[in-house]
Amino acid sequence: RDGRGRVSIDGGIAPEYRRRGHGSGIMDTLESRAAEKMAERLPKIDFTIDVWGNAAGHGAGAMARSRGYEPARYFQDMSVLPDNFRPRGRPVAAYGDARLVAYSPSLSEPVRLLDNEAFADHWGSTPKSVNEWAAMTESRSFRGAYSQVLLQADGGSVPTTALCYVLAAEWVPGELYISRVGTARSSRGRGYAAWALSKAVQTAFDAGYAKVDLSVDAQSPTGAAGLYRLLGFELVRQGTMYRKIVRAR
């Protein structure tokens, strides 16, 4: 969206193998592959490489800086336990025919389109293709039963318009991870995200999950971190995304 391509590199080194040069060797390979892939997909276009560095002083961040990366964005990991959860119900401003439903494959395309709209003004976001969306929502970690979609009927009894959504996954057994929260721009400020997220979290706790986690851009244009704190989420750790701009050859 900013006129550049984007590559994201993620990974880690087992503690007993750190400080032996393995990370630098892997980065040499991946940065080279990034340049080759971008030249293939977006020839003559500048691109960025993003690397997750965790908190200040973390080894990955130090390595990123040594390779010419600079801090570009800060993120907050947050979590909530059952005893600290403060749910929000249906907002007064909600349309009369608006209702929450669990995510299902039949909602894949309307939610994908809404996701692309909702995140168009978010840092580092790029539109998700049909294949990319399928890779996320059809993965083993995705939890559709705990994901929520707010639908509004369109002149009839069949809901057709997606207004808001919350998508969930499970990376750690017994802990639900909120991977995406988005609201149509025309529907922001109505309390929809708080309602949908509350339903997702409550459903998870009712099913026996011990904790719900998420990560949020500290500078989110929607003020998402404030919403999460309102529901009882607390800061666990802060992280840094490092970025390097690569000029097209």
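Me: Helices here are DSSP runs of H or I with at least four residues, numbered from the N terminus. Which one holds His-22?

Reply: This is a predicted model, to start with. His-22 falls in helix H1, which covers residues 22–41.

Me: Is His-22 buried, partly exposed or exposed?

Reply: Partly exposed, because its relative accessibility is 37%.

Me: What does His-22 touch, skipping residues up to four places away?

Reply: Ile-13 and Tyr-17.

Me: How far is His-22 from Ala-145 in space?

Reply: The two are 40 Å apart, C-alpha to C-alpha. In sequence, 123 residues separate them.

Me: What is the phi of Arg-19?

Reply: Near 60°. That is a positive value in a residue other than glycine. Arg-19 belongs to the loop between strand E1 (5–9) and H1. It is exposed, at 84% relative accessible area.

Me: And the phi of Lys-44?

Reply: Positive too, near 65°, and again not in a glycine. Lys-44 is in the loop between H1 and strand E2 (47–54). Its relative accessible area is 75%, so it counts as exposed.

Me: New topic. How many residues does H5 have, and what does it span?

Reply: H5 runs over residues 192–206, which makes 15 residues. From first C-alpha to last it reaches 21 Å, close to the 21 Å expected.

Me: Why call H5 largely enclosed?

Reply: Because 11 of its 15 residues are buried. Among them are Tyr-192, Trp-195, Leu-197, Val-201 and Phe-205. Ser-198 is buried as well.

Me: What comes just after H5?

Reply: Gly-208, with a positive phi of about 105°.

Me: How many residues are in the largest nonpolar core?

Reply: It has 35. Ile-178, Val-212, Tyr-228 and Phe-233 have the most contacts inside it.

Me: Which elements supply at least two residues of this core?

Reply: Strands E3 (70–80), E4 (98–102), E6 (159–172), E7 (175–183) and E8 (211–217) do, along with H5 and helix H6 (224–230). H5 gives the largest share of this core, 10 residues.

Me: What is Phe-233 in contact with, leaving aside neighbours within four places?

Reply: Met-78, Ser-79, Val-80, Leu-197, Val-201, Val-212, Leu-214 and Tyr-228. Apart from this core there is another, of 15 residues, including Leu-107, Trp-133, Leu-151 and Ala-184.

Me: Where is Gln-148, and is it buried or exposed?

Reply: In strand E5, residues 148–153.

Me: Where does Arg-112 sit?

Reply: In helix H3, residues 108–118.

Me: What does the Arg-112 side chain reach?

Reply: The backbone oxygen of Lys-128, at 2.7 Å. Beyond its neighbours within four places, Arg-112 is in contact with Lys-128, Ser-129, Val-130 and Trp-133.

Me: Which ring does Arg-180 lie over?

Reply: Arg-180 lies over the face of Phe-119, 4.0 Å from the ring centre.

Me: Last one. How many aromatic pairs?

Reply: The count is 7. Ring pairs also join Trp-52, Phe-75 and Trp-123 into a cluster.

Key
Residues numbered from 1 in each chain as written. Predicted model: local features only at pLDDT ≥ 70, side-chain atom pairs only at ≥ 80, totals over all residues. Heavy atoms only, no water. Expected span 1.5 Å × (residues − 1). Buried < 20%, exposed > 50% of the residue type's maximum accessible area, 1.4 Å probe, protein only. Core = buried A, V, L, I, M, F, W, Y, C linked by side-chain atoms within 4.5 Å. Contact = heavy atoms within 4.5 Å. Phe/Tyr/Trp six-rings, centres within 6.5 Å; stacked < 30°, edge-to-face > 60°. Lys NZ or Arg CZ within 6 Å of the ring centre and 35° of its normal. Polar contact = N/O pair within 3.5 Å; in protein donor to acceptor, adjacent residues only side chain to side chain.
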